[in-house]
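Please look through the sequence and the model before reading on.

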Amino acid sequence: MAQTMKDILNRMLNHEELSREEMKTILVGITHSEYPNEQITALLTCLQMRGVTVDELLGFRDGILETGVPVPLDCDRYIDVVGTGGDRKNTFNISTTSCFVIAGAGYKVAKHGNYAATSTSGASNVIAQHGVKFTDDLDRLNRCMAEAGIVYLHAQLFAKAMKFVGPIRKALPFPTIFNLLGPLVNPSQPQCQLLGVANLDQMRLYHQVYQRLGIDYGIVNSIDGYDEISLTGDFKVTTSQYERIFKPQDLGFELAKPEELQAGATEQEAKQIFDAVLENRALPAQKNIVLANAAFGIQVLEKGQKSIDECIAIARESIDSGAALKTFKKFVVLNS
């Protein structure tokens, strides 16, 4: 006999963990409106208080992908560069800019993103600012991947489950398991991912998740709390191959100042920084931060076979040669 949500909640109160299959079933049930909001709220609260397990996170991921719109791309190896968000640092669009630098270097990218939750400008904000229209049309997406080397997947078009929990998430004053799911539910299911996390607990969790998924990954965290490589101090990188703490100087970069990472107060200001990096006229710190994040993404794509210095050189050439900008312009034309 199927468990009711009341049974599940009783088990949670007894500090029991749920299986991957149980969590998937619950997520699918949420999309069929099988549970009242009060019970979903209680479940999310219990998970947050206890801490989410790897199986629980994977179960919700399975459910979101199963109830969402799949994106099978005609491409065998590509990367997504994404942050968990929520570091409340209001940085400019570092991951998104890095994606176009990686694509400009000749690699394939499927960037998954959304509108900003806690900052001035999320990935979808900065891309929409350029007149891009989001699409879930598979032919258009595959054409864009073939011709520009990059596609953008606006989360709201694909993860149908999210709208069922939107009002509950808004009403709760704390982050939930859904905040952890964003980086794991790219509907094209990339084989490579560079993920920025805001703390080392999250790094450990995703490290275990990626090992279970069997993909090539890099997870980065700046020790001073940025969910990307900020170059404002030491940062930790965990990949399929190694775990190491770097200083900006190890990569030949100057220390960046926190104010040099700011997105500004408006979407327009964030767009101007994004454009300045791709047009190679940004502040040195802004360019360096994008080079660092793009380089670790390239290293993941190369299965760790290239040194980080080689990967920085590849990323630098993408900007300096104008290839990153050319890639972005082509992407805009294909999606306007």
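How many disulfides does the count come to? In this predicted model, the count comes to zero disulfides. Cys-75 takes part in no disulfide, and the nearest cysteine sulfur, that of Cys-192, is 9.8 Å away. A disulfide would need two cysteine sulfur atoms within 2.5 Å.

Burial can be considered next. A residue counts as buried when its relative accessible area is under 20%.

| Residue | Relative accessibility | Class |
|---|---|---|
| Thr-96 | 3% | buried |
| Cys-75 | 15% | buried |
| Cys-99 | 0% | buried |

Where does Thr-96 lie? Thr-96 belongs to helix 5, which covers residues 94-104. Because its relative accessibility is 3%, Thr-96 counts as buried. When residues up to four places away in sequence are left out, Thr-96 touches Lys-111, Ala-123, Val-126, Ile-127 and Phe-274.

Helix 4 comprises residues 54-67, 14 residues in number. From its first C-alpha to its last, helix 4 reaches 20 Å, which is close to the 20 Å expected at 1.5 Å a residue. Helix 4 is mostly covered, with eleven of its 14 residues buried. Among the buried residues of helix 4 are Val-54, Leu-57, Leu-58, Phe-60, Ile-64 and Leu-65. The buried set of helix 4 also includes Glu-56, Arg-61 and Asp-62.

Against which helices do the buried residues of helix 4 pack? Their partners are helix 2, helix 3 (37-50), helix 8 (162-171), helix 9 (177-181) and helix 10 (200-213).

In general, rolling a probe the size of a water molecule over the atoms shows where empty space is left. The second largest pocket holds about 160 Å³ of space. Eleven residues line this pocket, and those nearest its centre are Gln-3, Glu-22, Thr-25, Ile-26 and Tyr-35. Helix 2 (residues 20-31) gives the most to the lining of the second largest pocket, contributing five residues. By type, the lining of the second largest pocket consists of four nonpolar, four polar and three charged residues.

Note on methods. Residues are numbered from 1 along each chain as its sequence is written. This is a predicted model: local features need pLDDT of at least 70, side-chain atom pairs count only at pLDDT 80 or more; totals for chains, interfaces and linings use all residues. Side-chain values use heavy atoms; hydrogens and water are left out. Helices (H or I, at least four residues) and strands (E, at least two) are DSSP runs, numbered from the N terminus. Buried means under 20% relative accessible area, exposed over 50%, partly exposed in between (1.4 Å probe, protein chains only). Contact means heavy atoms within 4.5 Å. On a 1 Å grid over the protein atoms alone, a cavity is a set of points where a 1.4 Å probe fits but cannot get out, and a pocket is an open set with protein on both sides within 12 Å along at least five of seven lines; lining residues have an atom within 4 Å of a point. Grid points are joined across faces, edges and corners, and a volume is the space filled by probe spheres set on the points. Ala, Val, Leu, Ile, Met, Phe, Trp, Tyr, Cys and Pro count as nonpolar, Asp, Glu, Lys and Arg as charged, and the others, Gly among them, as polar. The expected span of a helix is 1.5 Å times one less than its number of residues.
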